[in-house]
Amino acid sequence: MDHLREIEGKRVQDPLLANKRKPATCVWVPGPVIVGAGPSGLAAAACLKERGVPSLILERTGCIASLWQHKTYDRLRLHLPKQFCELPLMPFPKDFPTYPTKQQFVDYLDSYMGRFDLRVVFNQTVTSAEFDQSSQCWHAQSLGLKGEETKYSSRWLIVATGENAEERVPQFEGMNDFQGQILHTSSYKSGEMFCGKRVLVIGCGNSGMEVSLDLCNFNARPSLAVRDSVHVLPQEMLGRSTFGLSMWLLKWLPIGLVDRFLLLVSYFILGDTASYGLNRPKVGPLQLKSMSGKTPVLDMGTLKKIKSGHIKVFHGIKRIRHHTVDFVDGKSETFDALILATGYRSNVPSWLKDADMFSEEDGFPKKPFPNGWKGKNGLYSVGFTKRGLLGASMDARSIAQDIEQLWNLDVEGMHFMALSLATPLHP
């Protein structure tokens, strides 16, 4: 968490901040505290609000959905049809296209927040959250922009920081010696600044493939470094979205048979991807997604550019030199820039003091889907299903239903206590 280290570093080095450090402000939150104001956190808050349960969202940045607003490229659209990406209780506007742009999605989230009047405290970086046995409450410590500390306390804590909290930046031999530009896709906006340059995109997931296509459209000379096997499917087949068709087929057929169908149709539409350096895994796309969470690539036109030679495909990286990259198959190529399409990771283990619910290794719930949303002592998680916005919506509904029951018991208990205190006891 670079932003957190920066804040803490300033406090340590600045004697004024060190000497004038104020005690933490304590805030009691009647309903759940939600950490993270992305789509998952908003969905959980809205589902709770619909059931009469208030909540408070803590967000480390100055806006909702900061990943979508500040760390995505300009051409991004939802890769799945909008009906599979809408949050609970509010569909997308009818005039939105099938695949909304990122700005349309952000506008939708703004409207969603306004419709349910969700409470968000911005610029609050949660540095630790721990359950206190004596008070039976969760205490979330946060830092503001000026280093001010606040402790939020509640019976319930909902972790909504998501699967994409921090950039995943791999280290290659000689990487620090590279003389060109190196950036993560979180900092990439468009290929305009790379016009005419030789660019290696490292990683061939949906982002890596689409960034390569975008570079082509701006007359750059992109290449793809592909370390692992990957399933590439057309975004649509037989006049329907591939995802929607898959979900429909799974209602009637076993997953293995649906996988065979998808691969057969993909072969007729896209051809043999292995002949272009994109080897398919031995396990089918849906089975692989279910087992590991690895999402198949939905082709937006990148494969056509690979076939035409406008995008080169290389195998894994062995080492990086001043301007050259050596690959594991013995080939070498000169590049002006490297773009890391290497994804993101969860940051939950860095701040949540609970070893039971989340894995220390990957920061995901230990229980597999669909049971990973509930922990112990009022701890919940939303948006860690590896099933996108659809999975987050399922989590949000489950959490709201569970907390509503406890909330109503509390309300009934308080009413009973009030009546007991107000009514005189007669012998």
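# Close-up views of a predicted model

**View 1. Helix α9 gives the second largest pocket the largest share of its lining, three residues.** (Helices are DSSP runs of H or I with at least four residues, strands are runs of E with at least two, and both are numbered from the N terminus.) The pocket holds about 330 Å³ of space. Of its 21 lining residues, the closest to the centre are K367, P368, F369, F384 and T385. On a 1 Å grid over the protein atoms alone, a pocket is an open set of points with protein on both sides within 12 Å along at least five of seven lines, a cavity is a set where a 1.4 Å probe fits but cannot get out, and lining residues have an atom within 4 Å of a point. Points are joined across faces, edges and corners, and a volume is the space filled by probe spheres set on them.

A word on the numbers: this is a predicted model, so local features need pLDDT of at least 70 and side-chain atom pairs count only at pLDDT 80 or more, while totals for chains, interfaces and linings use all residues. Residues are numbered from 1 along each chain as its sequence is written, and side-chain values use heavy atoms, with hydrogens and water left out.

**View 2. Here is the largest cavity, with about 30 Å³ of space.** Searching the whole structure turns up one cavity of 30 Å³ or more.

**View 3. Helix α7 spans residues 242-249.** T242, G244, L245, S246 and L249 are its buried residues (buried is under 20% relative accessible area, exposed over 50% and partly exposed in between, using a 1.4 Å probe and protein chains only). What covers them? The cover includes the strands β13 (232-234), β14 (236-237), β15 (240-241) and β16 (297-299), plus the helices α8 (255-270) and α9 (285-292).

**View 4. K102 sits in helix α5, residues 102-116.** This lysine is buried but has no salt bridge, and D74, the nearest side chain of opposite charge, is 4.2 Å away. (Lys and Arg count as positive, Asp and Glu as negative, and His and the chain ends are not counted; a salt bridge needs a side-chain nitrogen of Lys or Arg within 4 Å of a carboxyl oxygen of Asp or Glu.) What the K102 side chain does reach is the backbone oxygen of T72, at 3.0 Å. K102 also touches W68, Q69, T72, Y73, D74, L76 and R77, leaving aside residues up to four places away in sequence (contact means heavy atoms within 4.5 Å).

**View 5. E173, R319, R321 and D326 are linked in a network of salt bridges.** D326 pairs with R321, the closest N and O atoms being 2.7 Å apart, and with R319 at 3.5 Å. D326 counts as buried because its relative accessibility is 8%, while R321, at 41%, counts as partly exposed. The count of salt bridges comes to 11.

**View 6. D402 and K374 meet in a salt bridge, 3.2 Å from N to O.** D402 lies in helix α11 (residues 388-422) and K374 in the loop between β22 (344-345) and β23 (379-381), so the pair ties together parts 28 residues apart in sequence. At 15% relative accessibility D402 counts as buried, and at 36% K374 counts as partly exposed.

How values were computed. Polar contact = N/O pair within 3.5 Å; in protein donor to acceptor, adjacent residues only side chain to side chain.
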